[in-house]
Amino acid sequence: MAALELSSVRKTYTSGDAEIVALDHATLEVGDDEILALVGPSGSGKTTLLSISGGLLTPSEGTVVVGGQDISTYSAKQLTAFRRDSVGFVFQAVNLVPFLTARENLMIVNDFGSSRSHKDAKARAEKLLDELGLSHRVDNLPGQMSGGERQRVAIGRALMNEPALVLIDEPTSALDTKLGEQVMELIVSEVKSRDTAAVIVTHDQRMTRYADRTVTITDGVLAA
Amino acid sequence: MKLGLVELRRKPLRFAIAGSSLVLLSVLLLFLGGLLDGLFIGSTGLLRSQPGELVVYSSDAKDSLIRSRIDPEVRAKVEAVPGVSATGGIGVALVGGQLPDKTDLVNLSVTAFQLPVSSMPSDVSLAPDQALADRSLQAFGVDVGDTLLVGSAKTPITVTGWVSDTDYLQQGGFFVQPDTWREVLADSRPDSNLPPDTFQGLTVKLDSGADATTVADAIDAATGGATSTLTKSEAVQALPGIKEQNSTFSAIIYVTLFVAGLVVALFFALLTLERIGLYSVLKAIGASSRQIFGGVVIQAVIVALVSFVIGGVLMWLLTLVLPAEIPVAMEPARAVQIAVGLVVMSALGAAVSLRRVVRVDPASAIG
Ligand SMILES: Nc1ncnc2c1ncn2[C@@H]1O[C@H](COP(=O)(O)OP(=O)(O)OP(=O)(O)O)[C@@H](O)[C@H]1O
Ligand SMILES: [Mg+2]
């Protein structure tokens, strides 16, 4: 079964009188343990595609099926639960909770509703942070961490609830090449070891070698 | 929700403005409530401490002891009413008393009693020059063994023990034999020369099972309308100023609670505005509006409770330095009322931000 299926997804924004087509009849399928790189210039619709796949935006037209669930018909409430249980996000701007430690930033996902106990959540958070090379940072606040460390905490948060699909927006844009490659390698190993599918947005062609497949997007139109 | 609690613990200063406003409002509320209770206690103790369920005045007295007269004839009619088990004469004289080596007068309500009031031993007996003083007089320097010069004739009367919560119209309870009271009253108010066995009012004990209002009506009927008989709580409410005091202070207290709600509403509205970015991220990773809103309300409630406790401590310190003339009483029931009022108003105040929390768009976390 495919982790993600977009069929003829269209997304338009209206700004003033003009209609901006951010995504034009996008059709895409991502396998259940596939890593897909999505590349394209700024403003081409990458974040829009990711947001629609993760239930943050609803498409103007078309259907979005994630792990067999058609989320294009979901209510806001259903989408909240879907985001909590079925997808992991890493945002373009790292958005950690400033007054929570690295460990707590992971565990908070568990607090929103999960069958996992507090103790198990703590153990999982610590294991993830350890794998991400942050075992010495578990009790640090985001303000006490470097940009790369924060990025890795955000990746840990995305993986916390064992989602079937991880959506990562520009994981390396704020990092230098070396750190960017390290973070990419981490993402790949985390995702591959968990049989999770991932869509990774980047505008850096060098990062595509970490992916199983690369899709290009230009002005809202996908091309293999 | 946990996130709200963690934020409170880690970033307490963020709540300092709302907290300190609520501390000040708590002190104000406790002070107003304490003053209301203190005035009530100081005005009504004499009536509330009476052993009988009913109070009998003469009908021309407009339910005031000072204007009332009950002679032995009327009293005999009262005692004959079925349901009445015992009556005791009451009389009061509001006079000054002078302590040895002091020039200031202490305000006394020299009170005649025949049935012991609630804080007296049942076998109480006093000589004509002896009195039991209310403990509230301690604050004015009165002590057991002191001999006070009472009233305009400066009758020497010695305090032999204490009673409590017996003050009347803000004057300290000073319990004496009926004849001593008549003497003090006649000296201070020459027009009030009462014959022996005449009192101002009666406290009426009822047979067990007798209905207070039924017996009260029967008493007034038996005396041919010469009496006005009230239950103890009616008599308390009929005291001059009690109702007005209560409604005035209650109105100020409710307005202050409303202001507390506004402070919380304004503060959390600003805080929510500041946190829209955070909330959109939380929603994007699966937090529901309900969970986020729950956190806001819990923060408001905890800020209110902590502020109330700090305000309570400040109020307690304040009572230590307040002069005895300001009758502030700290009643647990009043503290509970104010705490509940603050918590409810804070929760309602925080609820004003509900709409804004609900409208936070998770998609704005993308940026
Ligand atoms: N909320 C919005 N309202 C109006 N137009 C929008 C909105 N969000 C995005 N757009 C427009 O939609 C198009 C696609 O935006 P999107 O954010 O998906 O681009 P992107 O590929 O992620 O760009 P970047 O690499 O700069 O992050 C752009 O033209 C953008 O201006
Ligand atoms: Mg983008």
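User: In strand 7 of chain A, which residue is the bridge partner of Val87(A)?
Analyst: The model is predicted. Strand 6 of chain A pairs with strand 7 (residues 165–169) of chain A in the parallel sense, over 4 bridges. Within strand 7, the bridge partner of Val87(A) is Leu165(A).

User: Which residues of strand 6 of chain A are buried on the side of Val87(A), and which on the other?
Analyst: In a regular strand, side chains alternate between the two faces of the sheet. Both faces of strand 6 of chain A are covered.

User: Is Thr196(A) buried or exposed?
Analyst: Thr196(A) sits in the loop between helix 6 (177–193) and strand 8 (197–202) of chain A. Leaving out residues up to four places away in sequence, Thr196(A) touches residues including Asp32(A), Pro163(A), Leu165(A) and Val191(A). The relative accessible area of Thr196(A) is 5%, and the cut-off for buried is under 20%. Thr196(A) is therefore buried.

User: Which are the edge strands of the open sheet in chain A?
Analyst: The sheet has 4 strands in the order 2-1-4-5, with antiparallel pairing. Strand 1 (residues 4–15) is joined to strand 2 of chain A by 9 bridges, and Thr12(A) stands opposite Val21(A) in strand 2. An edge strand pairs on one side only, which here gives strand 2 (18–30) and strand 5 (69–70) of chain A.

User: What area do chain A and chain B bury between them?
Analyst: The size of an interface is often given as the accessible area lost when the parts come together. The contact takes 25 residues from chain A and 23 residues from chain B. Of the buried area, 68% is on carbon and sulfur atoms, and the total is about 2000 Å².

User: Which element of chain A gives the most to the side that touches chain B?
Analyst: The rule finds 2 salt bridges across the interface, and one pairs the side chains of Glu104(A) and Arg10(B) at 2.6 Å, N to O. The elements that give two or more residues to this side of chain A are helix 1, helix 2 (76–85) and helix 3. With 4 residues, the one that gives the most is helix 3 of chain A.

User: Why is strand 8 of chain B largely enclosed by the rest of the structure, and how many of its residues are buried?
Analyst: Strand 8 (residues 201–206) runs antiparallel to strand 1 (residues 54–58) of chain B, with 3 bridges, and to strand 2 (residues 84–98) of chain B, with 6 bridges. Leu54(B) stands opposite Val204(B), and Val84(B) stands opposite Leu206(B). Strand 8 of chain B is largely enclosed because its buried residues number 5 of the 6.

Definitions and conventions. Residues numbered from 1 in each chain as written. Chains lettered and ligands numbered in written order. Predicted model: local features only at pLDDT ≥ 70, side-chain atom pairs only at ≥ 80, totals over all residues. Heavy atoms only, no water. Buried < 20%, exposed > 50% of the residue type's maximum accessible area, 1.4 Å probe, protein only. Pairing = 2+ DSSP bridges. Contact = heavy atoms within 4.5 Å. Buried area = accessible area lost by both parts, 1.4 Å probe. Salt bridge = Lys/Arg side-chain N within 4 Å of Asp/Glu carboxyl O.
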